[in-house]
Amino acid sequence: MEQVLDNSEVVEFECGDEDLNDFIINDAGNYHRHLLSESYLLKEGELLIAYVTILNDSLDIDSFDDRTAFNRFRRKHFVNSKRLKSYPAIKIGRLAVQQKLSGKGYGSVLLDFVKILTSLRRFSGCRFVTVDAYDEAIPFYEKNGFVVISSSRSESETTLMYYDLMAVKP
């Protein structure tokens with residue numbers, strides 16, 4: 001796995017989504033420079049197979065449909081003494097696989113990388129991985145252990161999902 005730095009250069013990437021292509025080619029280095037996110041490249045030789053971009057996040061009452069759903073979530077994951085108003089998370093801001101390599105498990109490899117990076121390196125407290133999943137990606141994330149948080153859809157084209165890092169085995 002290779003981290004995108006200020007001077008990293010990606011010249012070609014095609015995943016079928018112009019926004020995801022443009023980000024890794026034109027913006028990932030700037031996001032790194034301005035401390036907004038970190039992107040990691042999965043490569044074979046010079047071929048960029050896939051990438052993932054992560055940033056800080058949190059789960060709080062606004063992440064859920066209502067207070068009851070948030071309280072149900074807290075009771076499921078924490079004993080009374082650990083029930084906070086928000087919980088630290090890492091958000092998967094972008095995840096893309098070369099279109100010609102889609103369906104070969106590379107997306108799952110990137111998710112495992114994020115889970116391991118976050119839970120085993122423990123550079124700061126972080127309990128969850130979150131993602132705003134497009135409808136067509138929900139089954140992929142569910143297959144990788146993510147759970148839907150919000151069932152109601154407003155103007156958003158995505159569904160908020162989470163993965164509990166306590167499930168990662170060292």
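**Exercise 1. Find out how covered strand β2 is.**

Solution. Start with the place of strand β2: residues 38-44. Next, count the covered positions: five of the seven residues are buried, where buried means under 20% relative accessible area with a 1.4 Å probe, counting protein chains only. Strand β2 is therefore mostly covered. Strands here are DSSP runs (E, at least two residues), and helices are runs of H or I with at least four residues, numbered from the N terminus.

A word on the model: it is predicted, with local features needing pLDDT of at least 70 and side-chain atom pairs 80 or more, while totals for chains, interfaces and linings use all residues. Residues are numbered from 1 along each chain as its sequence is written, and side-chain values use heavy atoms, without hydrogens and water.

**Exercise 2. Name the partners of β2.**

Solution. Two strands pair if DSSP finds at least two bridges between them. Take β1 (residues 2-3) to begin: two bridges join β1 to β2, running antiparallel, and Gln-3 has Tyr-40 as its bridge partner. Then turn to β3 (residues 47-60), joined to β2 by seven bridges, also antiparallel. Here Leu-41 stands opposite Tyr-51. Finally, look between β2 and β3: the hairpin has two residues there, and Gly-45 takes a positive phi near 65°.

Notes
Buried means under 20% relative accessible area, exposed over 50%, partly exposed in between (1.4 Å probe, protein chains only).
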